[in-house]
Amino acid sequence: MKILPPVSIEARRLLPSRWDLLAAVLVLGFLVAFADTSRFLVHPLSSISGDYLKLDPADLPGYALRTSLRMLIAMGVSLAFTFTYATWAAKNARAGMLLVPLLDILQSVPILSFLSITIVWFLSLSPGRILGAELACVFTIFTGQAWNMAFSFYQSLRTVPPELEEAGRMFGLNAWARFWRIEAPFAMPSLTWNMMMSMSGGWFFVTLSEAISVGKTNIALPGVGSWIAVAIAQKNLPAIFYAILAMLVVILIYDQLLFRPLVAWADRFRVSSEPSDEAPQSWALTVYRRSRLLDLMTAPFEQMMRWSYHWQPPSFGIKAAVRDVDSRLADIVWYVVLALLGLFAAWRIALFFGQAHFSWSDAATAFGYGCITLIRVIVLIGLASLIWTPIGVYVGLRPKLTALVQPVAQFLAAFPNNLLFPLVVSLIVFWNASPDIWLSPLIVLGTQWYILFNVIAGASTMPQELRDAAENFGVKGWLWWKKVALPAVFPYYVTGAITASGGAWNASIAAEVASWGDHTLRAHGLGAYIADAVNTGDFRHVLLGTIVMSFFVVVVNRLLWRPLYWYAERKFKLT
Amino acid sequence: MAELLNVEHVRRTFPRGGGEELLVLDDVNLALKQGEIVGLLGRSGSGKSTLLRLIAGLARPQGGRLTYMGAPIEGPAQGVAMVFQSFALFPWLTVLENVQLGLEALNLPPREMRERALAAIDLIGLDGYESAYPRELSGGMRQRVGFARAVVVHPNILLMDEPFSALDVLTAENLRTDLVELWGNGKLPIKGIILVTHNIEEAVLMCDRVLLFSSNPGRVSSEIKIDLPQPRDRTSPQFEHYVDQIYVEMTARRVERLREQQARANAGIEMPLVHVSPNQISGLIEALAAAPYDGKADLPDIAYEQELEVDELFPVAEAMQLLRLADVEGGDIKLTHMGKRFADSELNERKEIFSRSLMNNVPLAAHIRRILDERASHSAPKSRFLDELEDHMAEDAAEDSLKTVVSWARFGELFSYDDDAALFSLENPT
């Protein structure tokens, strides 16, 4: 069976164009890098536990490559997780009951806790080999990426326009074909956006999880994160600058070669009747599109997909169309299974805490630290809001400035800000300042940008007529901020602040304990509590701290952000 | 002639909260013969779209039988294609790809798929647009893609769910005449068409038979055979006669039921209110009072003059009937004495008339007012009335009724409502 080319390229010449060459180089380069790196996986673990890492700038590109490949693999795993988990949750009402809240909890668990708890198991998978440590690192990044992607996909699946589904069914597409031809494309724009967000978060943790130090396990996987760790230990400022430079380049490349094309490509999956005023552009996508070589390479895959749509008999005459009747028996079985699972988990938890000899004072200590970190998060999100909201409004109302600032803000959000921590720490050490206060800004260093670019987005979508009306009636000064600007950007601000606050909790683990050479600065807080427990391999306290932090995150989400979000949706949404 | 489709005693209910069920279709019968266009005409909520989905195999009935070419319908059947009101095009596929999608599941060789798709595109008049994306097209062109996608599978039955109602008047007419012409020439590879619509003239223009649906629950209330040769002339007296006849049939039953409800000694709050804004009521009253109507008009005429769809006109007319501002009878609408006074008055007096009419004719409004008067605080939470209404009607009908009464009471200044606090009160901000 021959596949006909899409109409747009039907009449093209056969000879390869320069676009083909460029695309070939890109793809081949990727393959080579991948093969090179995976050869390294079978090396013995001992080869990376010493101080093999010399801070030689010539090695840095290689390290940066390894770091970014870990990211890519984790992204692939996250995508696979998203497609299965979210689809299951959306398609099966019974499963959804459990899976959706589960996501909510999972996203509240600090990412470093995942690493410290699972590292031993991963290492045991391939004893003495690096593979285990690599898996642990990739898993850590995965835990930082997957949840919001899965959630966005779940939401998209729930909002597929019913008439599109109906049209698919009328034309005899089976469930598998409908998934790939209707549901997945429909979800694509918001999934791409969330992939970008996840990637930003991922950079933060990939650098953190390469230098694994849990109890007696000390591993430094070759990568930028380990480089930074060594540079900190050696108080080597130039090396840190090199690392920052390397990450800047890596992120730029990722942005240009992967995400820009993705965003530009996903734009056509938007379901909106109006033509978009400014479709996202990407030179790389143009290269991919014009390249016939890439077409040739993807054609067999496309053909396979097309063929797979016919695997099952088309749903003509199949009764799957409607399942009105709920099977009561299945409900009962499901609830029993859930109850048993819950009981088993509760039993294990009880057992763990029974053996661990926790006293109430232990719990009270963790809770107290939690309160300190909570205050830190609230104060800093508040400060960041005070600074960035007016600036965001100012920028958002000026299209030229927006075009300039918006990409920078997004880039800053994507940059692993923990690379900057050593610089701040060295300053604190130099001035002998109080860590309790001066380490605090680090927790919003990376996440404050979400507030900025969301507010910019909000202000730039403010209808011109509203602004004209305000001007016409002479609404100025504080009155203008209070009645016009702030309400208009409020829903956007809330979205940004939710993201920022979630990120801040996670960052507190990295930010509340920081070292520079042999100086270790420690602020009081739950993040430091967990970080210390991780370093000493004290799993009881890692777990306790993790539970307390999840508790705080979930409670703050439920009591503050969720009501605020819905209030904003109802009251201030400009439609 | 052979019957393509048979619908016998079909019943369809939707589950409501609290184990209750909402009856949407009750004992519906329908047969589609070869070469026929059958129209399903009714108000929104009369279950005609539900019936179409049952025929399409997208849903299943709770009772009765549906057979397509003699075989029971148990899922989307090959040979039944649908055109959607909202087009339901895939925005990420080009025109050609959208049309080919209809063939995808048939497992045809690519060449044949392509040829058939191009032929359908050609037939429907989309030549030259093959590589365009839906968002680049106007509404009319988009719906042509919808038609081409349905026609390409050479269906025996074409189902159309208000296919023209999302289009502007000119485009809709252009598409209708094209379709009727193709059908008349025998160029469409289709054996029968079912058209769901709420547009009376559209039904008379296109259909061989029209089934009128009554609401709550949906039933076929009558069948009208349109015995006119194609192409039909909208201005011919026979055409107008059919339109008039359908108007009379569609209003008579509803108005009668409304009168019955009002006449009942203890007419209560269980009468569901359909949302109509006071501005629409005022507007129609003013139009009726002015020349050339002088207080009385033929419904089809005023619908045409005011550019109102049946779905827009009927609820307003009924609200006026309910408020005793007008009488609807035999396809005519006539202002009452109150209605005429309303038309002649200034805004404040209008509010007074409206308020009095609410107290006298809308039990729910009078009820809320009485409770507010009785209470020392002169206020009451929304939930108090919502709970009470939900004893008598479905949840969203209760919400609708409250929303309607709030909007009417605000105009009549009978009481006020604070949405943030969900609180009814007698206080207006001073």
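Here is what to select and what you will find at each stop.

The model is predicted, so local features need pLDDT of at least 70 and side-chain atom pairs count only at pLDDT 80 or more, while totals for chains, interfaces and linings use all residues. Residues are numbered from 1 along each chain as its sequence is written, and chains are lettered from A and ligands numbered from 1 in the order in which they are written.

**Stop 1: the domains of chain A.** Colour 16-271 + 280-308 as domain 1 and 358-571 as domain 2; the bounds come from an automatic or database domain assignment. Their C-alpha centres are 25 Å apart. Across the boundary, 29 residues of domain 1 of chain A are in contact with 30 residues of domain 2 of chain A (contact: C-beta atoms, placed from the backbone, within 7 Å). Which helix of chain A gives the largest share of the domain 1 side? Select helix 7 of chain A, which contributes 7 residues. By class, the domain 1 side has 19 nonpolar, 8 polar and 2 charged residues. Here Ala, Val, Leu, Ile, Met, Phe, Trp, Tyr, Cys and Pro count as nonpolar, Asp, Glu, Lys and Arg as charged, and the others, Gly among them, as polar.

**Stop 2: A:Leu560.** Now pick A:Leu560 in helix 22 (residues 539-571) of chain A; helices (H or I, at least four residues) are DSSP runs, numbered from the N terminus. Draw a distance to A:Gln303, 257 residues away along the chain: the C-alpha atoms are separated by 50 Å.

**Stop 3: the domains of chain B.** Select 3-248 as domain 1 and 265-430 as domain 2. In chain B the C-alpha centres of these domains lie 35 Å apart, and 12 residues of domain 1 are in contact with 10 of domain 2.

**Stop 4: a helix pair in chain B.** Show helix 13 (residues 363-374) and helix 15 (residues 395-412) of chain B, whose axes are 10 Å apart at an angle of about 75 degrees. Axes are lines fitted to C-alpha atoms over the stretch in contact, and angles run from 0 to 180 degrees between N-to-C directions. The two helices are therefore roughly perpendicular (65 to 115 degrees).

Definitions and conventions. Parallel < 35°, antiparallel > 145°, perpendicular 65-115°, else oblique. Contact = placed C-beta atoms within 7 Å.
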